[in-house]
Every structure is written in C-alpha cells, then in structure tokens.
Amino acid sequence: NRYFVLDFETGILQYFVNEQSKNQKPRGALSLAGAIISPSDEVPHMLVVYSANGEMYKLKAADAKEKQYWITQLRSCAKHHKEGNSKSISSSRSRSSSLLPPGTVNSASPSGQKHMSQSGPTVVTITHHKSPAAARRAKSQRSGQLNEVREIMSQVEGQQKNLVQAIEALPSSGPLSALDQDLLLLKATSAATLSCLGECLSLLQQSMHQVGHHHSRTLSSEGILGWSGPKSHSQEQLKNGALSSLSSASANITWAIVPSASQDGQALQPNTEHSASELILVEDEMTDTEDNEEEDLGVMDDQRSVILHLISQLKLGMDLTRVVLPTFILEKRSLLEMYANFMAHPDLFLSIAAGATPEERIICFVEYYLTAFHEGRKGAVAKKPYNPIIGETFHCSWDVPNDKVKAFRTNGASTVSKDPAKEFGQDQSTCYKLRFVAEQVSHHPPVSCFYCECKEKKMCVNAHVWTKSKFMGMSIGVSMVGEGVLYLLEHEEEYVFTLPSAYARSILTIPWVELGGKVNINCARTGYSATVTFHTKPFYGGKVHRVTAEVKHNPTNTIVCKAQGEWNGTLEFTYSNGDTKVIDTNKLPVIRKKIRPIAKQGPLESRRLWQNVTNSLKEGNIDAATEHKHRLEERQRAEERQRAALTTPWKPKYFVKEGDGWLYLNPLWKT
C-alpha cells in the first residue's frame, strides 16, 4: 500500500510510503505530460501508467469505481499537460488551476490527495520498466524533430560533464566527498542514461531513414544522425588499486555470468620449456568434493560505492577487456573449470552416440545441450569466474557407469534422482572414461579452448571460445564468440555448435544472470540442424530463463522435434510421432568430476594457480584475496615484457591454431 498524490498543476504523480510521510521527499514521481493511462487485465482493478520517458507504474485500485476514477483524472491531467506543452504555454503552471476540467479537484486541497486503499488493501505493485511504447511513439515523429532532440541532448551532455567535474573536484573525505554514495549514483546513472538515450536516438534515426528510403540498397552515413554519447571522464585505465578501500569483512556481491575476458591483459609463462605435454596420471584423480554453490546476499553498502565508482567511469557499449574488476565479485573457480562443469551430465553426453539414426543422435545432442547450462552456472547467481591467464590449464575426468548410458528415448531413467552411494561405488571396469582438458591459449583476444573425449564411445568435442563483454548501463553483456565441434567417429558425423550470450542484470541491487540469443547446431553430412533460442525477459511481463528449440531435417524441411521450458528448470520435448518427454534439470543426477589433488597439480593448473585467492575468498578475507590476485598479475606482466623483449611468441601446450579456430594436438580422430 502506498499513498498517491496527483498534482494537476505540475502534472506530476507522486507516491509516498504512507499519508503521514506526504510532506517528506516522495519515494517516486512520474511526469504525466504525454503519458498513456490504460486499464490492465493482469489482475482485477489494475491500471498502468506509461510515461513519455519510458517508465511505467502498475497500480491496483480497491474496486472498479476507484479504478475508473483514477483513470479519468490521470488521463485528464496527461491530456492537459500534453496540450500545454504543444502550445508552449510557459505560464501554464500559474494558470492551470483555472483550466481544470469539470469534476477535477485541485490537488492543493486535502480532498485532492487520495489514498488508493481507503476501502481496503489495494496497491500491490509499483514497478519501473523501460517501455517499448515510448520508442513506438518517438518513431512516428519526423526527422526534423529528432534534430531538435539532438541539440537538447548536446546541451545536456555539457551539463552532465559539468556535474561530473564538480563531483570529482570535491575532497576525497569529509561530510561531502567525491566518494559520497548518492553522488556516485548520480554520476553513474546520469552517464548511463545519457548514453542510452543517445543510442535510442541513433536507432530511431536509422529506422526513419530506412522507412523513407526503402528503395535505396545502402544507407548514407551522412543521412543518419550520430551522437557519440558522453565521453568517459577518466582516461586512466581502471585499476583495482583505486578501489583498495574494501572492507575485509565477508563480501558477497555478485557479477557477470562469465568473465569480461582476460581483463588483466597479462601473460604467465613457466621458465621451463613446455612444448611436450605433461603426463597427467589418471590414477591420481579423486572425486571432486568442491561445492560450486555461491552465496548471494546482495550488495553491501561499501561494495556498492566501489561498484558505483567503477560504473561512473564506464561508457555504454564500452569493452570491459581492460577493466580490472574488484576482487569481491569473484566466483571461487576459474572459467576453465566452469567449462568443465558444463559436462556435469556425462551420461546424457555419451548417450548421443547410442542413437540408432541421425535423427535420434541430433535430438540427443539437443537434449544434452539444453541441460548443460544449469549446472555450469549453478542457478542464477551472478558472480564472475577468474579470468584464466595465458598458459593456464584444467584437467579432469568422469567415470560414467555403462548402465547410465541409454539409447534414445529410453534414457528417462536419467531424470530420476540419483543414489550417490550406488553411483560412486561403481566398479571402474563397468564405466566409460570421459577425459577433459582446457587451456587459455591467447589473451588478445582472450581465447579459451577445451577438448573432451571418450575412447570407448569413439566420440570427442573440440571447442574454442572468445569472451567479449560490454557495459550496458545497469547490466553487463558477455558474448561467447567461437564454436565447438562434436565428432562421432563411429558414424563419421560432425556437429558444429555455438554458444549463447550471457547477461548480468541489476548490478547495483541483487544481480542475477540470464542467457540470451540464438545458437545453431548443424551436421552437414546428415542434413539435420537445430536452432536453440534463449529468450531474455521482456520489459513487461514474461518469464525468465525461457528457452525454445527446433530440430529440422533440411532436405525435406521437416521439423522432427520441438522443445520448450527453462534452461535451469523443466524442459518439455515433443517429437514428430507425437511422443513427449519432460526433463527436470534440477532432478538430473550430477556425476561429479574427478580431479587430482592440488599437491599433484602443475604450477599452471587452475586450482593450484588460484588456490591462495580461493582460500582467501572462502575465509571472507577480501584484502588478502586482492593481494594474491595482484601478485599473479604482476608476475604475468613481468613475463610478458620478457617475451616481448625477446620477440618470443607464446606457444600453447595442448592446442594449435588452424585457420580461425584452435584444435587439440592429439585428437581422437588422429589416434
């Protein structure tokens, strides 16, 4: 329940916590000039206010009568101020009381202030969304009007620069400092908002240009309004040193789903020659006992100040490759290990080769692909894995009981909760062995490679991924550039696949992760392909983590399987013969990977390399974690400078570059 005040003179709809606080600063305010007010069927007695700037209030009245009363008053106010603006009546505020429509009560009188829950609990939702309606209305405007908008935005950009300079000129300590949380928030949001508006302006201008000149095959760059957006006010590289005022208390902020790339831009090389692969003894491997779960307690106040300070120096669309992010946002594992965790259901992976026909095999691949992400991400916690340093490697394996690998559509047993005692007590002689190796092969661009094989099933997968991240205002987007290839040697089939993008949303409050984009799976030999679409949550309504998929036989243009659901929830598969199957990813048995103890790992293997950072994060000692991370970075820089001086290029240990991709040195198809 909230107390609302409609001020007809100013055209502002404000709300307060309760009636007693109406003389204090409002919790929120919405300008009604040019706003659209419409009833909603989402819940009974709901109305929605779409402001011209794209914000939206969803309100619920006590009954139909009160709902209609508010719709009438709000529409009247919105119409009045829209007409007033169009006529450029500068003194409309002083005369507005005489222009009130019949039956409208002046908000200056007590009766003009109405609690929307006089007759019972009413207002259940107040949300702020960016509304597509604003963009649609703007699109109908003429190009000339956008020129005026551009001039105004240029003026605002100058004012925003002055604001930032004034904030940065304040002392670093005292009652009002340059690091004051409210000022940092003002600086960050003003820059992000201005950049976002600039992007919108460019999109609108391009859209109009295309509508007006649809016969032209190319767009004239001179005909498109450009607006560069506010420049970054700090040309210095963002360093963790500037963020050293972190508390050593337990820190629990969350961040991007995958790293923004090799953010530190350094390399690390052992002093010894490493052209020959080191011997990895499978006998030394033990079942992994690490828990991938990450705490998600939101953002602490001191950490929010750090994040705000960081965001205030970023520009919309800025590549975050060179940005050093604070230590407390880190997840306690390397990106290379996260890729290994995508194999947490190796029974489903090995079942692909058990398919009797090409159609069954690609459907099995899609089933495995859709179930791989929930365990690799461990829910929607938005922390960021360590960015692997060049030369870093990760090794592990899985023992998969033979009876867990089922032929197509008989592997429903996989959806039943596991019996850990039975599963891990399997005799290795009755298990398939699945081996995994990952390596960071490059840092400009940051490229990770991984290779996984099962000799008994004559199948392997080779992949290279380049992570590109961008700052998007109040979220961070990460593109996974590259591809993987699944080889089924027994059937002489190769399946080429790509990976979705990832987004960390609401980075100033409680960050959460979602996947987005369309990925493709293709087998040229059989003519089968699949399209998997990860849907991002729309501005209004809709579900999160939704995914859909379609498997097609291209020569006959026949759809043989469809899937829908949530990548971290329930998935439903429908086949061409009418059969259906439901998989609950949360109930799938997880076969834990086997990994050698840290004491038996090489100096550049992930867990040994990052062990001091990981242990400090587990203890909540952020200062110590930052120090250990800094030492790694300094060591990398020194060794990279040495390589540059000797003009010695980095040579990966397990992978070799071929064309635009990378291949494992000794893949199964060679041996």
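Which helix gives the most to the lining of the largest cavity? In this predicted model, local features need pLDDT of at least 70 and side-chain atom pairs count only at pLDDT 80 or more, whereas totals for chains, interfaces and linings use all residues. Residues are numbered from 1 along each chain as its sequence is written, and side-chain values use heavy atoms, with hydrogens and water left out.

The structure holds 8 cavities of 30 Å³ or more, a cavity being a set of points on a 1 Å grid over the protein atoms alone where a 1.4 Å probe fits but cannot get out. The largest cavity contains about 210 Å³ of space, a volume being the space filled by probe spheres set on the grid points, which are joined across faces, edges and corners. Its lining (residues with an atom within 4 Å of a point) comprises 14 residues, of which Phe342, Tyr368, Phe450, Phe497 and Leu499 lie nearest the centre. Helix H9 (residues 358-377) gives the most to this lining, with 5 residues; helices (H or I, at least four residues) and strands (E, at least two) are DSSP runs numbered from the N terminus. By class, the lining has 14 nonpolar residues and no polar or charged ones, where nonpolar covers Ala, Val, Leu, Ile, Met, Phe, Trp, Tyr, Cys and Pro, charged covers Asp, Glu, Lys and Arg, and polar covers the others, Gly among them.

Methods
1 Å grid on protein atoms, 1.4 Å probe; cavity = no way out; pocket = protein on both sides within 12 Å on 5 of 7 lines; lining within 4 Å.
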